[in-house]
Structures are given as structure tokens and as C-alpha cells.
Amino acid sequence: MTGQQAGQQQRVLVTGAASGLGKALTEAFRARGDEVLATDRAEADGVDLVLDVTSDADWAAAVDHVERIWGGLDVLVNNAGVAGGGRLDVATLEEWQWITEINLFGAVRGTRAFVPLLKQQGSGRIVNVASLAGLVHPGGMASYNAVKAAVVALTETTGHELASYGVSAHVVCPSYFRTNLMSSLRGNDTALGAVMSKLVEESPTTAEEVAAAVLEGIDRGDEVILPDPAARDAYALKVGDRATYDAVMRAQAAKLDRMGQA
């Protein structure tokens, strides 16, 4: 599927649109003339429809809403997510289940809900917001890495499965950028929380910059979108120099362990 044609308006649904990258994506799509249904789990300024991504009933209502107001959908953006993680012997199974239900099964539910409509109309894009953690796997973040890697795999599979229906799939894998994602952080590993919060706060990249790069990537037809220099550099190191990558990752893991024991 080619990118947006000049002057062609798209119908877009964005989850987690009340703040952060979801809000930035909503504003970016609207700025170029697209119609956007901004959804989030609770009523808030800028939210058009309440949609808890863990609720099958909410997803069914979203499909019904889209069919009634638009008659179809051009872009589904599975963006809603939470922050989490923790060293293997610190994070609880409850934390694993919580982050999996939202970050992975949220995208699964959204995809399953809209695939019949997209197949029927013979067009569309599914955009899943994962993370660089889906491609690059630092220590101390097993649960987050695992669910984001699963989102990458889900997206690739979706693209293969739906290609014959004219539907494309794209996964977004940003590094740390300035957003309010850390407000959702949950877990027993306070050392990891401190590291993640610092990386977010000190990132030179804004949510608006990531959103702009995401739209450019979608329009180019990129299946994997690395929207910031830090993400591109980290993935290039893993692919191009695995020994150095492993050394860096293990040094970071050891440092985190020392922090946790202090």
C-alpha cells in the first residue's frame, strides 16, 4: 500500500490518545486534514470515545462507532500502553500479567476487532506502537522487552496475513522520549524505575518529533519504524556489532544490579 495521496483524507482511530504519543499522533494526523477518533480508557479533554483496550466490549463498541460515523477505517493505531519491568527475581508474576494484558493483548484485541472490517473493505493500515525494547533487550526489563518483542512479531505476522486483502501493518519502535509514560510505571524494582525515569526526562526527543517521524514512516510504507536517532543507532549496533552490543548490555545490567543492592 502506498502512502497518503495528496489531499486524501484518512479516517484514523488512535488509542491512548489523551496524552503522550497518542495525543501527539492525534494532533499530527489532524494537522494534515485527517479525521481522527481519539480514544482513551477514561473521559478526558480531547477524548472522543472511551475505550479501555483490555475490554472486548469497548472494542466492539468502537467498531460499531466507526462503522456508523465513517462506514470504514483507514488507519488503526494501537498506541495505548504502560511502563513496567524489573529484574527477573524482583518483578512479580502479577506485574508480568498486568503489562502483558495492556501492552500485548491491547494490540491483539484491537487487531482482532477491526480485521473483519479491513478485510471487507480491502484496504487499511494497522499501526502498532511497540518500543526499541521490542528489538533491543536491556537487562532488568524482561517483561517490557518480552511484550514489546511480541508486538513486533504480531505486526509482522499481521502484515503477511493481510497483504492479500490490501492491508498493511507497521510497528513503531522508539527509544526513550519525553512523555508522561512513567506516570503509569508499576513494579517492585525501584532501581529500574529510577533509571527509566531519568532516561525519559533527559531524552532530547519529544513526542511531537516521534509522531512526525511515525507519519512519515507510514506514508513511505515502512514496516518497522525507528523514529529517532537513538533507536536507529542502538539497533544498528546490535545488527552490525553483536559483540560490542552484548558487552554494553551486560555492563548496563551489572550496573543496575549494583544499584538495586545499594
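Predicted model: local features only at pLDDT ≥ 70, side-chain atom pairs only at ≥ 80, totals over all residues.
Author: Local features here need pLDDT of at least 70 and side-chain atom pairs count only at pLDDT 80 or more, while totals for chains, interfaces and linings use all residues. Residues are numbered from 1 along each chain as its sequence is written, and side-chain values use heavy atoms, with hydrogens and water left out.

Reader: How many helices and strands are there, and what makes a run count as one?

Author: The protein has eight helices and seven strands. Both are DSSP runs numbered from the N terminus, with at least four residues (H or I) for a helix and at least two (E) for a strand.

Reader: Why are Trp59 and Phe114 called an edge-to-face pair?

Author: Rings of Phe, Tyr and Trp (its six-membered ring) pair if their centres lie within 6.5 Å; planes under 30 degrees apart are stacked, over 60 edge-to-face, and the rest tilted. One aromatic pair passes that rule. Trp59 and Phe114 sit 6.3 Å centre to centre with 85° between the planes, so edge-to-face it is. Trp59 belongs to helix α2 (residues 56-69) and Phe114 to helix α3 (residues 93-121), 55 residues apart, so the pair links distant parts of the chain.

Reader: Why are α3 and α4 called roughly parallel?

Author: Axes are lines fitted to C-alpha atoms, for helices over the stretch in contact, and angles run from 0 to 180 degrees between N-to-C directions. Under 35 degrees is roughly parallel, over 145 roughly antiparallel, 65 to 115 roughly perpendicular, and the rest oblique. For α3 and helix α4 (residues 142-162), the angle is about 10°, with axes 9 Å apart, so they're roughly parallel. The contact (heavy atoms within 4.5 Å) includes Trp96 and Ile99 of α3 and Tyr144 and Leu154 of α4.

Reader: What kinds of residues make that contact of α3 with α4?

Author: It divides into 14 nonpolar, five polar and two charged residues. Nonpolar covers Ala, Val, Leu, Ile, Met, Phe, Trp, Tyr, Cys and Pro; charged is Asp, Glu, Lys and Arg; the others, Gly among them, are polar.

Reader: What about α1 and α6?

Author: The axes of helix α1 (residues 20-31) and helix α6 (residues 207-220) come within 8 Å and cross at roughly 55°, so this pair is oblique. By class, their contact has eleven nonpolar, one polar and one charged residues.

Reader: How do you know that Asn145 is buried?

Author: Asn145, in helix α4, has a relative accessible area of 7%, so it falls under the cut-off for buried. Leaving out residues up to four places away in sequence, Asn145 touches Ala133, Gly134, Val136, His137 and Pro138.

Conventions:
Buried < 20%, exposed > 50% of the residue type's maximum accessible area, 1.4 Å probe, protein only.
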